[in-house]
Amino acid sequence: MPSETDLLNEALITIGALRITAIDDGSINATHCQTLYPTTRDALLRMHHWNFATGRALLNPSVDAPLFEYSFAYPLPADYLKMREFNGTPVTADHVTWEGRWTSRYVVESGSLLTNDSPVYILYTKRVIDPNIFDALFYQLLMTWMASKLANAIPKDNKKAGDLLSMAMNLLLPAALATDRQEGTVVPLISDSLTWGR
């Protein structure tokens, strides 16, 4: 069962650096890991709707309503990273409605979701910190990306850092995305019949 320390040591070994006993063991390498790892992990989690990082919640409204524009403020879960669905509707760049003017059905501000809707159910990307929950390809992607960042920080080897980042972006990320997308219902392409008739 891999731990956070195992993942970080794999990244350190990849660049020929000394292992750590824990992310907070006080060594220089651990300090670099402590600085770089949480934000790198969270950024990769936000990049895609990873199946292993899916969270579902019914939100409870705050007693304090927003000052204007929206009727309700709903505090988001502590492990919230990114919205995927709002009351059963997938989130896209065009989650707006026309009510005499363009208005958003919701907005995320300062750890709360503001909306006029009630109740509110969300599907979201959650912060997963246990490497045992990671998909195996995501684990490799995160480890390689970390190794790239650590290569810049520890041996200051820009070439190795570039090679590792290229491997993460061009090999591991596409493989991880393709595999993750196969583990759910395929949404059919719906098109206007005129398009198909041409």
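These exercises, with worked solutions, explore a predicted model.

**Exercise 1. The largest pocket**

Describe the largest pocket: its volume, its lining and the strands that contribute to the lining.

*Solution.* 
Step 1. Start with the volume. The largest pocket holds about 340 Å³ of space.
Step 2. Go to the lining. Ten residues line the largest pocket. Nearest its centre lie His49, Arg84, Glu85, Pro90 and Leu123.
Step 3. Sort the lining by class. Three residues are nonpolar, four are polar and three are charged.
Step 4. Look for strands. Strand 1 (54-59) and strand 3 (80-86) each give at least two residues to this lining.

**Exercise 2. Aromatic pairs**

Work out how the rings of Trp50 and Phe52 are arranged, then those of Phe72 and Tyr74.

*Solution.* 
Step 1. Recall what is needed. A pair of aromatic rings is described by the distance of the centres and the angle of the planes.
Step 2. Count the pairs. The structure has eight aromatic pairs.
Step 3. Take Trp50 and Phe52. Their centres are 6.2 Å apart, with 35° between the planes. An angle under 30 degrees would count as stacked and one over 60 as edge-to-face, so this pair is tilted.
Step 4. Take Phe72 and Tyr74. Here the values are 6.0 Å centre to centre and 45° between the planes. This pair is tilted.
Step 5. Check burial. Trp50 and Phe52 are both buried. Tyr74 is buried at 1% relative accessible area, whereas Phe72 is partly exposed at 29%.
Step 6. Widen the view. Trp50 and Phe52 belong to one aromatic cluster with Phe134 and Phe138.

**Exercise 3. Helix 1 and what covers it**

Which residues of helix 1 are buried, and what covers them?

*Solution.* 
Step 1. Locate helix 1. It spans residues 4-14.
Step 2. List its buried residues. They are Thr5, Leu7, Leu8, Asn9, Ala11 and Leu12.
Step 3. Think about spacing. An α-helix has 3.6 residues a turn, so residues three or four places apart point the same way.
Step 4. Find the cover. It includes helix 2 (28-46) and helix 3 (136-153).
Step 5. Look past the end. Gly16 follows helix 1 and has a positive phi, near 75°.

Key. Residues numbered from 1 in each chain as written. Predicted model: local features only at pLDDT ≥ 70, side-chain atom pairs only at ≥ 80, totals over all residues. Heavy atoms only, no water. 1 Å grid on protein atoms, 1.4 Å probe; cavity = no way out; pocket = protein on both sides within 12 Å on 5 of 7 lines; lining within 4 Å. Points joined across faces, edges and corners; volume = space filled by probe spheres on them. Helix = DSSP H or I, 4+ residues; strand = E, 2+ residues; numbered from the N terminus. Nonpolar A, V, L, I, M, F, W, Y, C, P; charged D, E, K, R; others polar. Phe/Tyr/Trp six-rings, centres within 6.5 Å; stacked < 30°, edge-to-face > 60°. Buried < 20%, exposed > 50% of the residue type's maximum accessible area, 1.4 Å probe, protein only. Contact = heavy atoms within 4.5 Å.
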